[in-house]
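Here's a quick walk through one protein model, written for someone who likes to know the cut-offs behind the words. Have the viewer open and follow along.

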Amino acid sequence: MGVLPAVSSTKLIRIVAAVIRDEAGRVLMVRKRGAEVLQQPGGKRDPGDRDDLHTLERELHEELGCTMRREGAHRLGCLSAPAANEPGHVVEAEVYEVRVEGTIEARAEIEEIRWIDPAATGDLLIARLSREQILPLLVI
């Protein structure tokens, strides 16, 4: 699990993030409009969200147009790292590996979607939470 910095001015951003794999084991990453780094799809809980999986269902439908299947969802843990797009913030994510149905396409604030091999990220710009905490969990 990631370690939070000991700086009292650090602000915490709580999110729920999805790990979605294709048949080849690649992982879906997204890049939000105006951002330079790729990250896991997902987002912040809304007041009406019943639980983490409800948040993911809503976010994945809004941002990618697909439907998440609750059955088989697997919690990978609560992970944290410095936020990629908000200096001075730490992101703390409840991370779930999930399956989806339907066509995946960039919608809402998503500018790019990309399938990557978690063991071979090369020089891709990837958010620290994904690069240092999530992707290493997925390497077989």
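Predicted model: local features only at pLDDT ≥ 70, side-chain atom pairs only at ≥ 80, totals over all residues.

Which side chain does Arg107 meet in a salt bridge? The partner is Glu105, with N and O 3.8 Å apart.

## What you're looking at

Residues are numbered from 1 along each chain as its sequence is written, and side-chain values use heavy atoms, with hydrogens and water left out.

## Salt bridges

Back to that opening pair. A salt bridge here is a side-chain nitrogen of Lys or Arg within 4 Å of a carboxyl oxygen of Asp or Glu. Arg107 is partly exposed at 34% relative accessible area, and Glu105 is partly exposed too, at 40%. For those labels, buried means under 20% relative accessible area, exposed means over 50%, and partly exposed is in between, with a 1.4 Å probe and protein chains only. The whole structure holds 20 salt bridges.

Another one pairs Glu111 with Arg33, where the closest N and O atoms sit 3.6 Å apart. Glu111 belongs to strand β6 (residues 110-116) and Arg33 to the loop between β2 (27-32) and β3 (42-43), so this contact ties together parts that are 78 residues apart in sequence. Helices (H or I, at least four residues) and strands (E, at least two) are DSSP runs, numbered from the N terminus. Glu111 is partly exposed at 43%, while Arg33 counts as exposed at 52%. Then there's Asp51 with Arg70, at 2.9 Å from N to O. Asp51 lies in the loop between β3 and α1 (52-64) and Arg70 in strand β4, so the bridge links parts 19 residues apart in sequence. Asp51 is partly exposed at 29%, as is Arg70 at 31%.

## Strand pairing

How do β1 and β5 run, parallel or antiparallel? They run parallel, with nine bridges joining strand β1 (residues 11-19) to β5. One place to look is Lys11, whose bridge partner in β5 is His89. Two strands pair if DSSP finds at least two bridges between them.

β1 also pairs with β3, this time antiparallel, through two bridges. On that side, Ala17 stands opposite Gly42 in β3.

The largest pocket holds about 370 Å³ of space. Of its 19 lining residues, the closest to the centre are Ile15, Lys32, Gln39, Asn85 and Val91. The elements that give two or more residues to this lining are β1, β3 and α2 (128-138). By class, the lining has nine nonpolar, six polar and four charged residues. Ala, Val, Leu, Ile, Met, Phe, Trp, Tyr, Cys and Pro count as nonpolar, Asp, Glu, Lys and Arg as charged, and the others, Gly among them, as polar.

The second largest pocket comes to about 320 Å³. Of the 14 residues that line the second largest pocket, Arg21, Asp22, Val98, Arg99 and Val100 are the closest to its centre. Here β4 and β5 are the elements that give two or more residues. This lining divides into six nonpolar, one polar and seven charged. As for the method, the search runs on a 1 Å grid over the protein atoms alone: a pocket is an open set of points where a 1.4 Å probe fits, with protein on both sides within 12 Å along at least five of seven lines, and lining residues have an atom within 4 Å of a point. Grid points are joined across faces, edges and corners, and a volume is the space filled by probe spheres set on the points.

Glu86 sits between β4 (67-82) and β5 (89-101) and is partly exposed at 34%; its C-alpha is 29 Å from that of Val100, 14 residues apart along the chain. Ala108, in the loop between β5 and β6, has phi near 50 degrees, a positive value in a residue other than glycine. Ala108 counts as partly exposed, at 44%.
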